[in-house]
Amino acid sequence: MTTVHRDSSPDEIRAWLIERVAYYLELPADNIDPGTELAQYGLDSVYSMSIIAEIEDQLQVKIDEMAAWKYPTINALVDYAENLISEPVHSAP
């Protein structure tokens with residue numbers, strides 16, 4: 001399995017997300033279009049939340065619980081994650 005991190009490029013994150021979605025759907029990665037809404041593939045809420053948790057773990061960001069619904073495609077999730085990565089990290093006082 002491929003891994004990604006905060007310094008990964010958007011293309012690397014996209015490829016990783018395609019791989020993860022394909023895994024959950026038990027489909028070849030070549031069958032996953034990053035511009036297609038994940039719901040059209042039949043990805044249920046449990047798998048969507050699992051993918052969100054994986055994004056958080058891999059990229060060390062906090063993802064909005066509703067992200068899978070607000071950003072319904074892999075491309076939209078990558079853009080959202082990239083915006084989170086680019087935000088400065090604030091330490092607690």
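What share of the contacts in the protein chain with a separation of 6 or more comes from residues 24 or more positions apart? In this predicted model, such residues account for 53% of those contacts.

**View 1. Overall fold of the protein chain.** The secondary structure comes to 4 helices and 0 strands, and the pattern read along the sequence is α-α-α-α. The C-alpha trace spans about 45 × 25 × 20 Å along its principal axes. The radius of gyration of the protein chain is 13 Å, which agrees with the value near 12 Å that a compact globule of 93 residues would have.

**View 2. Surface and interior of the protein chain.** Of the 93 residues, 39% are buried, while the protein chain exposes about 5,700 Å², with carbon and sulfur atoms supplying 50% of that area.

**View 3. Helix H2 and its ends.** Helix H2, formed by residues 45-59, has 15 residues and reaches 21 Å from its first C-alpha to its last, close to the 21 Å expected at 1.5 Å a residue. At the start of H2, a side-chain oxygen of Asp 44 comes to within 3.1 Å of the backbone nitrogen of Val 46, and after H2 comes Gln 60, which has a positive phi near 55°.

**View 4. The buried residues of helix H2 and their packing.** Ser 48, Ile 51, Ile 52, Glu 54, Ile 55, Glu 56 and Leu 59 are the buried residues of H2. The helices against which the buried residues of H2 pack are H1 (10-25), H3 (67-70) and H4 (74-86).

Methods:
Residues are numbered from 1 along each chain as its sequence is written. This is a predicted model: local features need pLDDT of at least 70, side-chain atom pairs count only at pLDDT 80 or more; totals for chains, interfaces and linings use all residues. Side-chain values use heavy atoms; hydrogens and water are left out. Helices (H or I, at least four residues) and strands (E, at least two) are DSSP runs, numbered from the N terminus. The expected span of a helix is 1.5 Å times one less than its number of residues. Buried means under 20% relative accessible area, exposed over 50%, partly exposed in between (1.4 Å probe, protein chains only). Contact means heavy atoms within 4.5 Å. A polar contact is a pair of N or O atoms within 3.5 Å; within protein, one must be able to donate a hydrogen and the other to accept it, and residues adjacent in sequence count only if both atoms are side-chain atoms. The radius of gyration is taken over C-alpha atoms; the globule rule is 2.2 Å times the number of residues to the power 0.38. Accessible areas come from the Shrake-Rupley method with a 1.4 Å probe; for residues, only the protein chains shown count as cover.
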